[in-house]
Structure formats: C-alpha cells, structure tokens
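The report that follows describes a single structure, taking individual residues before the wider packing. Please read it alongside the sequence and the coordinates.

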Amino acid sequence: TLNPDHPLIHHNLGELYPGQGRFGNAIEHLERSVERAGEPSTHYLAMLGCAFARGNQRSKALAILSDLTARSNRGLGSGFDLASLHAALGDLPSAMASLERGYEQRDLWLAELNGWPWFDGLIREPRFQALLRRMDFPAASNRSRTGWGMTNGTAAALIIRDLDILTELAKLGLVKVAISITSMDHKLSRKMEPRASSPARR
C-alpha cells in the first residue's frame with residue numbers, strides 16, 4: 001500500500017510545485033520530506049533550500065547553503081545540489097563552478113542536468129554549453145523549449161509501452177531510464193519482487 005506520508009512522496013511533490021510557481025506548496029512538502037526522512041540527504045536539503053530561495057525566504061535558503069557548503073568541504077554531498085541552490089539564489093558563477101566540480105567528481109546527479117529547468121539562467125553561458133558537450137548532451141536550448149525532463153527507475157517491462165514518448169525525450173537528452181534486476185534466479189526474484197516483471201523480461 002502506498003504511504004502518502006512517505007518522505008519520497010513529499011519530496012517529489014515538492015519538486016513539482018516550483019514549476020507551477022507554487023512555492024508555498026513546495027516548501028510545505030519539502031519540509032515534511034526533510035522531517036520524515038530522519039537523516040535527510042543533501043539532495044532533500046538542497047531542494048528545500050531552492051524552494052526557500054524562490055519563495056522569498058532567502059535567510060533560510062542561505063542557512064541550508066552554509067550547511068551544504070560545510071558538508072561539501074568535508075567531501076560530502078553533491079556539486080549538482082550545491083549548484084541548484086546557488087542558481088536559485090541568483091549566484092550563477094558559483095552554480096557553474098559547482099557543476100564543473102561535480103563533473104570532475106563524477107556526480108551521478110549530473111546525468112539529469114539537461115532535464116532540470118533550475119539551470120535555464122546558464123543556457124547562454126559558454127562554460128555550461130561546454131559541460132553539456134563533454135557529457136554528450138544536446139544543446140540546452142532544447143530543454144527550455146521542451147520543459148521538464150524525467151528519470152524513471154523501474155522493475156517492470158511495461159516501460160516499453162511508453163517507448164515512443166521516451167524515444168523522443170531521449171533525442172533531446174531529457175530522459176534516463178534505469179531497470180533494476182535484483183537476481184537472475186527466477187525463483188528468488190519471485191520471492192523478492194512478486195509483482196515485478198521476470199528478470200528475463202527486464
């Protein structure tokens with residue numbers, strides 16, 4: 001049964017609302033995601049900071065930035081997350097520097113770089129375009145015309161049902177699909193994931 005109060009549910013809702021300009025709703029859900037996570041990830045904190053920044057609560061956003069910067073200095077956290085918060089605060093040079101540092105550190109979040117509108121302010125920045133080329137992404141201008149990208153992690157072969165849509169998004173660098181396989185042993189897989197597609201189908 002889906003738990004509507006799960007931290008990830010609140011987090012995902014909180015990430016959607018800013019695209020509609022509903023920063024109050026975003027803050028409400030992102031605060032709940034942080035509270036209910038117990039030990040929230042730097043990504044949860046960064047997205048809350050972004051909502052604070054865009055929702056005219058700059059002092060709270062700066063407090064989170066200070067926390068994340070301290071973690072980054074200890075080798076913790078994500079350049080992508082720091083860049084998101086810098087961009088939300090209007091500090092585009094620092095956002096660009098964090099993205100470049102994330103690239104050097106092989107930050108996994110950068111795989112979604114071309115699907116997030118947080119960085120639209122950097123589209124005309126030559127360093128940003130150079131970073132996209134290094135990652136073999138299309139030009140960022142495609143993202144601004146198309147809108148949000150997506151990441152889909154699934155254990156279901158039903159993903160092929162949407163192959164036509166995913167293919168078009170992939171041409172623009174706007175989608176990443178990950179298929180999990182817990183075991184190639186069919187019997188073990190049935191016990192672990194009784195409702196998922198078989199390993200062979202995946």
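## Ser59, an exposed position

Ser59 is exposed, with a relative accessible area of 57%, where exposed stands for over 50% relative accessible area, buried for under 20% and partly exposed for values in between (1.4 Å probe, protein chains only). The residue is found in helix 4; helices here are DSSP runs of H or I with at least four residues, numbered from the N terminus. Between Ser59 and His43 there are 16 residues in sequence and 19 Å in space, taken from C-alpha to C-alpha.

## Basis and confidence of the model

This is a predicted model, in which local features need a pLDDT of at least 70 and side-chain atom pairs count only at pLDDT 80 or more, while totals for chains, interfaces and linings use all residues. Residues are numbered from 1 along each chain as its sequence is written, and side-chain values use heavy atoms, with hydrogens and water left out.

The predictor's confidence in each residue, pLDDT, runs from 0 to 100; its mean for the protein is 85, and 91% of the residues reach 70 or more. Over residues 142–146 the pLDDT is below 50, although this stretch has 16 contacts in the model beyond near neighbours in sequence, a contact being heavy atoms within 4.5 Å. Where pLDDT is low, the predicted coordinates should not be read in detail.

His11, placed in helix 1 (residues 7–16), is buried with a relative accessible area of 3%. Once its neighbours within four places in sequence are left aside, His11 is in contact with His29, Leu30, Ser33, His43, Tyr44 and Met47.

Gly102 lies in helix 6 and, at 0% relative accessibility, counts as buried. With neighbours within four places in sequence again set aside, Gly102 is in contact with Gly79, Asp107 and Leu110. Gly102 and Ala83 are 19 residues apart in sequence and 8.9 Å apart in space, C-alpha to C-alpha.

## Helix 5 and its surroundings

Ten of the ten residues of helix 5 are buried, so this helix is largely enclosed by the rest of the structure. Among them are Gly79, Phe80, Asp81, Ser84 and His86, and the buried residues of helix 5 pack against helix 3, helix 4 and helix 6.

At the start of helix 5, a side-chain oxygen of Ser78 reaches to within 3.1 Å of the backbone nitrogen of Phe80. Just after the helix, Gly90 takes a positive phi of about 85°.

In helix 7 (residues 126–134), the residues Phe128, Gln129, Leu131 and Leu132 are buried. They cover an arc of only 155° around the axis, which puts them on the same side of helix 7; the arc is that of the directions from the helix axis to the C-beta atoms. On the other side of helix 7, Pro126 and Arg133 are exposed, and just after this helix Asp136 takes a positive phi of about 65°.

## The nonpolar core

The largest nonpolar core has 38 residues, and those with the most contacts inside it are Leu85, Leu99, Leu113, Phe119 and Phe128; such a core is a set of buried Ala, Val, Leu, Ile, Met, Phe, Trp, Tyr and Cys residues joined through side-chain atoms within 4.5 Å. At least two residues of this core come from each of helix 2 (23–37), helix 3 (42–54), helix 4 (58–73), helix 5 (79–88), helix 6 (92–104) and helix 7, and helix 3 gives the most, with nine residues.

Definitions and conventions:
A polar contact is a pair of N or O atoms within 3.5 Å; within protein, one must be able to donate a hydrogen and the other to accept it, and residues adjacent in sequence count only if both atoms are side-chain atoms.
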